[in-house]
Amino acid sequence: MLKFCMRIFSLFALGASVLFFIFNSAFAGNPTKVGFVYLTTPGDHGWTYAHELGKQMVEKRFGNDVKVSVVENVPEGPDATRVIRELAKQGNEIIFTTSFGYMEPTLKVAKEFPNVKFEHITGYKRSKNVATGNIRFYEGRYIQGVVAGLMTKTNKIGYIGAYPIAEVIMGINSFAQGLRSVNKDASISVIWANTWYDPVKEADAAKVHIAEGADILAQHTDSPAMLQIAEKKGALGFGQSTDMSAFAPKAQLFASINNWGPYYIRKIEELKSGKWNTGDGPNHWAGNDWGGLKAEMLLISKFQNMPDSVAQKAQEALDGLKSGKINIFAGPLVDNTGKEIIPAGKSLDDGALWGMNYYLKGVNGKVPG
Amino acid sequence: MDALMLTIIATSIPLLLAATGELITEKSGVLNLGVEGMMLSGAVGALGAVLWLGNPYFGIIAGGLCGVLMASIFSIFTINFMTNQVATGLGLTIFATGLTGLAGAPLVGKTVPSLPKIEIFLLSDIPFVGEILFKQDFIAYLSVAIIIFITYFLKYSKSGIVLRAVGDDHQSAHSVGYPVKKIRWYATCFGGMCAGIGGAYIPLVLTPHWSEGMTAGRGWIALALVVFASWIPWRIIVGALIFGGITIAQLVGQARGWPIPSQILSMMPYLATIVALTMISGRISKSNSVVPASLGKPFFDTQ
């Protein structure tokens with residue numbers, strides 16, 4: 001009897017699941033297949049985690065209308081080509097490649113799959129089906145400069161950069177502009193880590209900066225190591241990509257947070273409605289898709305570990321950038337050797353930002369290479 | 001200057017420990033290229049143990065044990081099953097990179113208390129030297145103790161001489177009745193323990209968090225260091241300080257705006273290793289070599 005019941009039950013269960021399956025595929029329509037390529041595993045801080053949050057926003061917004069595949073831990077180079085091609089083969093309609101080093105692999109695969117849309121994050125090369133998305137990270141660094149200028153006692157700022165590429169250099173120069181807007185005596189020393197991610201090296205660089213007298217640290221690398229050292233040695237610093245205050249509750253002044261979700265959602269919506277484009281416009285560099293504080297692609301975490309007066313100045317800078325009242329790279333601009341970059345009355349356009357290979361006044365040394 | 005010197009020492013200690021362990025392993029004739037993997041597992045094990053048990057000293061033990069565990073896997077394959085040591089070592093590193101990523105996933109984003117500094121009574125008050133030499137953490141003292149121990153062990157103890165014999169000519173050692181496989185097992189596990197503790201030093205002292213692949217190639221530098229030191233223990237201290245010193249020097253150079261490109265300085269340790277290798281191979285023809293003659297060769301006891 002029991003056996004018979006079990007049989008009936010399993011038959012029933014089978015029937016139900018078949019029905020459910022038919023129902024599901026008949027009414028859900030075809031979900032848009034979306035692929036993501038990550039440089040590392042997301043973890044819970046830093047660059048890739050910010051993308052992971054964006055992906056989660058996509059899933060929340062579209063629900064069953066999208067089917068997201070993610071490949072983590074993809075090294076930049078030939079491996080990336082293989083992974084991106086595989087994602088395209090699997091029928092993903094739009095693929096987000098979320099690191100600068102995926103630029104050439106993305107373009108290469110895009111040529112082979114003309115019907116698939118590709119979104120390369122932080123790159124500058126496009127083609128018919130490759131768009132680029134980026135955030136105006138440098139706007140956050142201007143506010144960092146303002147806070148650093150008001151908080152520093154030694155007038156020495158230690159900056160850790162990953163690679164001397166335009167992206168990072170414009171961040172340093174933007175920081176310098178913010179710094180000099182409140183404090184003409186302070187200056188920035190830069191250490192290049194020549195890696196995006198090496199906690200021990202970043203920690204070493206932070207220790208060296210502090211030993212050299214810096215009391216405020218800023219970074220354009222991905223690990224929380226710098227803030228941990230700052231916390232240990234009583235210095236202050238800024239979080240990168242995501243809020244890192246959990247690692248350094250006493251040292252983080254604030255963090256610039258990358259908010260990719262709205263961009264991803266917009267691009268997928270465009271794809272669904274057939275309006276997807278590469279954003280190519282009169283301004284090739286980052287086109288219409290280079291959003292910053294105003295577009296809320298860059299968010300600023302809570303101002304902390306600073307007096308109210310400083311937090312207020314920081315808020316003013318934030319508001320000024322949002323409203324467009326503050327133009328970070330407005331002339332007259334002079335580089336740190338005294339050469340004029342742009343006269344008063346003019347300001348640098350986006351193309352000029354992507355061509356930066358010099359430091360502005362307020363930064364020590366010169367750009368390597 | 002004090003602060004910089006301390007930074008150099010802190011950077012050198014993981015290299016020092018891992019290289020010392022590998023030196024003993026190689027002296028027994030086993031080439032274990034899995035140092036990077038063993039360091040990673042030591043790092044993840046140490047952090048996990050501290051989070052679980054709350055005391056950073058348990059991290060040292062856990063780190064060492066994880067290193068030994070990895071080394072045992074390597075030993076089973078290379079010593080008992082006589083697989084190719086180079087391939088197995090590389091495999092171990094790749095395996096451990098993946099495994100630690102998996103095991104470490106729940107640890108991401110957590111921080112732990114650092115290993116405390118131990119001040120040695122009176123000596124730590126000596127200006128300059130006291131701060132640097134006698135105000136270190138436990139692992140730093142331990143690593144110096146290990147170096148002193150193995151120098152004595154290799155040179156004067158009977159077991160040390162047997163170990164070297166096994167590394168130089170395993171057939172002869174076997175024919176006079178020494179248990180070649182057992183000795184190699186011990187040596188490899190000792191190497192694993194040192195590498196594990198070296199790896200543990202990274203989350204316990206340098207950057208108190210876990211992130212995937214956080215050793216970032218230090219295991220490979222440790223391997224180079226063994227060659228640089230031409231298999232002589234005290235030279236590892238010198239080598240580790242030079243490697244660490246150059247790492248820090250290139251950072252200081254950038255902060256102060258020295259006119260030397262930082263890449264040239266980063267290159268130096270490897271250049272030095274190649275020079276050391278060349279000098280060693282030049283010497284081989286003249287007298288007996290410092291390189292263990294059976295290094296990397298599997299031992300078949302049926303022969």
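**Helix, sheet and chains**

Tutor: Let us begin with helix H4 (residues 103-112) of chain A, which lies across E3, E4 and strand E5 (130-135) of chain A and runs at about 175 degrees to E4(A). Helices (H or I, at least four residues) and strands (E, at least two) are DSSP runs, numbered from the N terminus, and axes are lines fitted to C-alpha atoms, for helices over the stretch in contact, with angles running from 0 to 180 degrees between N-to-C directions. This is a predicted model, in which local features need pLDDT of at least 70 and side-chain atom pairs count only at pLDDT 80 or more, while totals for chains, interfaces and linings use all residues. Residues are numbered from 1 along each chain as its sequence is written, and chains are lettered from A and ligands numbered from 1 in the order in which they are written.

Student: What order do the strands of the open sheet in chain A take?

Tutor: The order is E2-E1-E3-E4-E5-E11, with parallel pairing among these 6 strands; two strands pair if DSSP finds at least two bridges between them. Strand E2 (66-71) and strand E11 (290-291) of chain A stand at the edges with a single partner strand each, so one side of each is left without a neighbour in the sheet.

Student: And over how many bridges do E3 and E4 of chain A pair?

Tutor: Strand E3 (residues 94-97) and strand E4 (residues 117-121) of chain A pair over 4 bridges, in the parallel sense, and A:Phe96 stands opposite A:Glu119 in E4(A).

Student: Switching topic, how is chain A divided into domains?

Tutor: Domain 1 takes 32-135 + 260-291 and domain 2 takes 138-257 + 298-353 of chain A, with bounds that come from an automatic or database domain assignment. In chain A, 11 residues of domain 1 are in contact with 11 residues of domain 2, where contact means that the C-beta atoms, placed from the backbone, lie within 7 Å.

Student: Which helix gives the most to the side of domain 1 that touches domain 2?

Tutor: That is helix H2 (residues 46-62) of chain A, with 4 residues.

Student: Now chain B: how many helices and strands are there?

Tutor: Chain B has 12 helices and 2 strands. Its radius of gyration is 19 Å, close to the 19 Å that the globule rule gives for 303 residues, so chain B is as compact as a globular protein of that length; the radius is taken over C-alpha atoms, and the rule is 2.2 Å times the number of residues to the power 0.38.

Student: What box do its C-alpha atoms fill?

Tutor: The C-alpha atoms of chain B fill roughly 60 × 45 × 40 Å, taken along the principal axes.

Technical notes:
Contact = placed C-beta atoms within 7 Å.
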